[in-house]
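The sequence and structure are shown first.

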Amino acid sequence: MKPIGVFHPGTQHSWQTARALQSTGQLGWYLTSIYWLPEEFPYRLIKMMPPSVRAHAKYELSRYVHPDLDSSRVHAANAIEWWRRIANRAGSRQLARLLARASDASMGRPVSRLLSQTPVRAVWGYDNVALEGFLAAQKRGIGRILDRTVGHPSVYNRIMDEVYEQYRDFFISSNYRKPSWVIDRVNREHEVADVVLVGSEFCKSTLFEPEVPKIPEEKLRILPYCYDDVFFFNGRVRQRKKGTPVRFLFTGQAGPRKGIHLILRVFERLPKNAAKLTIVGSLEIPKEVFARYRDRIDYHPTVPRDQVRSFMEHSDYLIFPSYFEGAALVINEAMAMGLGVIQSSRTHVPQPNSPLLMKEVSEPELERCVHTAIDRTHLLEELSQDGIQRAREFTFESYTARVSELVASL
C-alpha cells in the first residue's frame, strides 16, 4: 500500500503526525518551509558566516528540527515563509500578513512535485494552508485528510469582536478579524477534504455554528493530539514550597486570543509575595500597554522547545485562559511535566472535574482560579498526580495508535 504525505509550512503538530506515520512505515514524505538540514542550501551558507552570527543562526534554526524525524524524508520548500518570519520579527505586521497569504497558497507546487516523485495514497494537510495541495491531489485521485487545528474563523470573529469591545487597549490594531478570503479558503478546504480532523469537542462545536457552511457529519473525526515526548516527559509530582510565592507560567503567543490581558489584569491585583508570573513567547499586545505590568512579570521571547521544558520544570501551574483554540498542545505538555493547569473550556479539556477549569472566560473567573491555586496548598499535588496519570492518554505511542486506526479506516 502506498504511504501518506504530510505538509505544513510551519510546525503545529505536523512533526508528531509525520513521526507517527514514520514509526508505522506509512510516511512517504514530510514537506515544510523551514527545517534545519545543515548540508542543504541555504543552510550550508551558515558555515561561511562570522562565528558570532553563525552561533546565533544555529540557535534560531535549532527550533526547526526534530531528532526523531528521518531527514531523508523531509523536504523544505517555500522561501516566502522565510520572508514572512523576518517581517514578523522586524515588527512589519502588515507586510507579514501579506506574505502569510502568499506563503499559505504556495504549498501547491511543491506538493504537486512530490506527488509525481514519490506517489502516495493520501495527503495530510492543515487548515488554511492545505487548499492548493489538496487540489493537486484531487486531480490525481489521491485522498485528502484535513487537520483542523483551531475552530472556524467565522466563530473566532464573533468571539473576538466581544473581547475587542471590552479590552481594546490590549489589541495592537483594530485589524484583528479573520478576513473573508481566509473564511472562503477554509470553507473550500472543507469541501475538497475527504476527512476533517479536529482535536477537541470545542473545535468540533464551532463547525456546527449557524454562520458555518454545513459539513457532512461523516467527514468529521476527533483525533486528540499528543505531547512531544522527546522534549517533554513524565515529570515529578509537584508540591508547594512553604513560604514561597506560587509560580505561574504562560507560554505561547501572548495576545488577546489567549487571554493574556486577563492574566495581566488579575496579577496586577495580587500581592507580590503571593505569586510569580513568567511569560514565554511572542508578545502580541502593544508594548506601551505591556510596560504597565512589566515589573510584575518575568518575560522571555520565543525560545526553543527544550528551553520551554526548562521553564516548566521551574513552575507550579500553567495558566491558559484562552478564548479560542483547537486542542492546545501546551496543556498536555504541562500535565506530563507535573504542572497544575488553569484553563478555559475553549479547547481540549483533559481534567474536566478540576476546580481550576474556568466556568467562563472572564477576569472574575480567572481570579477565582488563581486564588484557589494560591489558597489551597495541597491542590497542586492533587492536580499534579492526576495530570501525570491523564497525560498517558496523550503520549506519542497513544497518538500513533490513533493515527494508525484512522488511516486504516480510509
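## The second largest pocket

Strand E9 supplies four residues to the lining of the second largest pocket, the largest share from any element. Helices (H or I, at least four residues) and strands (E, at least two) are DSSP runs, numbered from the N terminus. A pocket is defined on a 1 Å grid over the protein atoms alone, as an open set of points where a 1.4 Å probe fits, with protein on both sides within 12 Å along at least five of seven lines; lining residues have an atom within 4 Å of a point. This is a predicted model, in which local features need pLDDT of at least 70 and side-chain atom pairs count only at pLDDT 80 or more, while totals for chains, interfaces and linings use all residues. Residues are numbered from 1 along each chain as its sequence is written, and side-chain values use heavy atoms, with hydrogens and water left out.

The lining of the second largest pocket consists of 14 residues, and Arg247, Lys276, Leu277, Thr278 and Asp298 are the ones nearest its centre. Elements contributing two or more residues to this lining are E8, E9 and strand E10 (297–300). The space in the pocket is about 240 Å³, a volume filled by probe spheres set on the grid points, which are joined across faces, edges and corners.

Strand E8 (residues 246–251) is mostly covered, with five of its six residues buried; buried means under 20% relative accessible area, exposed over 50%, and partly exposed in between (1.4 Å probe, protein chains only). E8 runs parallel to strand E9 (residues 275–280), and six bridges join them. Two strands count as paired if DSSP finds at least two bridges between them. Within this pairing, Phe250 has Ile279 of E9 as its bridge partner. E8 also pairs with strand E11 (residues 317–320), again in the parallel sense, over two bridges, and here Phe248 stands opposite Tyr317.

Together with helix H10 (residues 260–268), E8 and E9 form a right-handed β-α-β unit; right-handed means that, with the strands pointing away from the viewer, the path from the first strand over the helix to the second runs clockwise. H10 is mostly covered, seven of its nine residues being buried. These are Ile260, His261, Leu262, Ile263, Leu264, Val266 and Phe267.

## Nonpolar cores

A nonpolar core is a set of buried Ala, Val, Leu, Ile, Met, Phe, Trp, Tyr and Cys residues joined through side-chain atoms within 4.5 Å. The largest has 72 residues, and Phe248, Ile279, Ile319 and Val370 touch the most other members. Apart from this core lies another, of 26 residues, including Trp15, Leu37, Leu197 and Phe396.

Contact means heavy atoms within 4.5 Å. Neighbours within four places in sequence left aside, Ile279 is in contact with Phe250, Ala254, Ile260, Leu264, Phe290, Ile297, Asp298, Tyr299 and His300.

E6 pairs with strand E5 (residues 143–148) in the parallel sense over four bridges, and Arg148 has Val198 as its bridge partner. E6 runs parallel to E7 as well, joined by three bridges, with Ile222 of E7 as the partner of Val198. The β-α-β crossover from E6 through H9 to E7 is right-handed.

Leu207 lies in the loop between helix H9 (201–206) and strand E7 (220–222). Leu207 counts as buried because its relative accessible area is 2%. Beyond four places in sequence, Leu207 touches Arg148, His152, His190, Val196, Val198, Val212, Ile215 and Leu220.

Phe7 is part of strand E1 (residues 4–7) and is buried, with a relative accessible area of 0%. The C-alpha atoms of Phe7 and Met107 are separated by 8.0 Å, although the two residues are 100 residues apart along the chain. Residues within four places in sequence aside, the contacts of Phe7 include Trp29, Leu31, Met107, Trp124 and Phe134.

Asn128 occupies the loop between strand E4 (122–126) and helix H6 (131–139). Asn128 is not a glycine, yet has a positive phi of about 75°. Its relative accessibility is 17%, so Asn128 counts as buried.
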